Amino acid sequence: MTTAWLVLLGFLLAGYFVLGGYDYGVQVLLPVVGRDEAGRRAVLAALGPWFFGNEVWLVAFAGVLFGAFPVLEGTLLSGLHPLMVLLLVGLVLGKAAVQLRSRAWARLWDVLVVVGGVVPAVAWGLVVGVLLNGVPRGASGAFGVTWSMVLDPFVVACGLTSLALFTAHGAVLLSRRLVDGARARALVRPLIGVVVVGLAVCLVLGWDAVGVVNPGAALVVVGGVLVVLGIGYWRRSFLATACAAASLVVLLGVAQYPYVLVSTLDNSMTAAKGAADPATLAVLSWFGVLVVPLVVAHQWWSRWAFRGRVDQRTPTYF
């Protein structure tokens, strides 16, 4: 049962990377694709009904982490405190700026919209890089991430690659959603090229970090590159960037399994040690059986209902 909950945890985070990831990308591309006020309104309208709904996946991930893996949650979030604060500040800043830009000082809020996309996109990559490198979890079970660990070349490369990946993902979405998506469409191939280069750099710099734990993780990275290269029609391009975004979670899971937290001090945490007791997991199973399918169904329906293209005249819903 622990393994099933671990898979569910990874599924929810991967879903957030796919759906929330293009939110980050669209925010980053706001001044590039929308070069005037009408263009920026069209870019934000492309996110419209989904902008806040995508956060449901992150909330569900946090709920499963807290309920099914309380030991992991307490150790992980406290240890990654600097990066978690950075991530939350970026999320709050971006959401608030999108809502407030229509009131006054639109230029200022536009800058903060971009910052609110860049910061979380980089922060998630840094988190993945730090965890792949291993954390200094000692005998007490606690650890603390230092900025020297964050500024490790491999970790920095992961952060910049995740920024490029989410930006490419947003460009693919805009190329389809906008009535005039020519600018976004022109950015897709160059951005995917940057992602491929970034993945290659991460693979070289992190070969020891990944390979020491599980050499098969390298195959996940290579597979992600091959998927990203399969670009062409819009559906294929979106599938490629979506799979690449989800592969960040797959890479982390495959690299660490059977552990959920790898220690550089020989005190790694297994899934069983990080999970709640079997009785608690059995009670929580109703959440997985009933709630998760409803979340997935609602997300699918909302995307189908608002699948049309948009322009500056389309309501932004915020």
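This is a predicted model: local features need pLDDT of at least 70, side-chain atom pairs count only at pLDDT 80 or more; totals for chains, interfaces and linings use all residues.
**Exercise 1.** Decide whether T161 is buried or exposed, and find what its side chain reaches.

*Solution.* 
- Start with the location: T161 sits in helix α8, which covers residues 153-177.
- Next, take the relative accessible area, which is 10% for T161. Buried means under 20%, so T161 is buried.
- The cut-off for a polar contact is within 3.5 Å.
- Finally, list the neighbours. Beyond four places in sequence, T161 touches V195, G198, L199 and C202.

**Exercise 2.** Place S268 in the fold and work out which backbone atom its side chain approaches.

*Solution.* 
- Begin with the strands: S268 belongs to the loop that runs between β1 (259-261) and β2 (269-270).
- Then check distances. A polar atom of the S268 side chain lies 2.9 Å from the backbone nitrogen of S263.

**Exercise 3.** Identify the residues that touch the most other members of the largest nonpolar core, then explore L174.

*Solution.* 
- The core holds 98 residues, and the members with the most contacts inside it are F17, L80 and L174.
- Helix α1 (residues 2-33) supplies the largest share of this core, with 17 residues.
- Turning to L174, its contacts beyond four places in sequence are V26, L29, V33, V43, A46, G181 and A184.

Notes: Residues are numbered from 1 along each chain as its sequence is written. Side-chain values use heavy atoms; hydrogens and water are left out. Helices (H or I, at least four residues) and strands (E, at least two) are DSSP runs, numbered from the N terminus. A polar contact is a pair of N or O atoms within 3.5 Å; within protein, one must be able to donate a hydrogen and the other to accept it, and residues adjacent in sequence count only if both atoms are side-chain atoms. A nonpolar core is a set of buried Ala, Val, Leu, Ile, Met, Phe, Trp, Tyr and Cys residues joined through side-chain atoms within 4.5 Å. Buried means under 20% relative accessible area, exposed over 50%, partly exposed in between (1.4 Å probe, protein chains only). Contact means heavy atoms within 4.5 Å.
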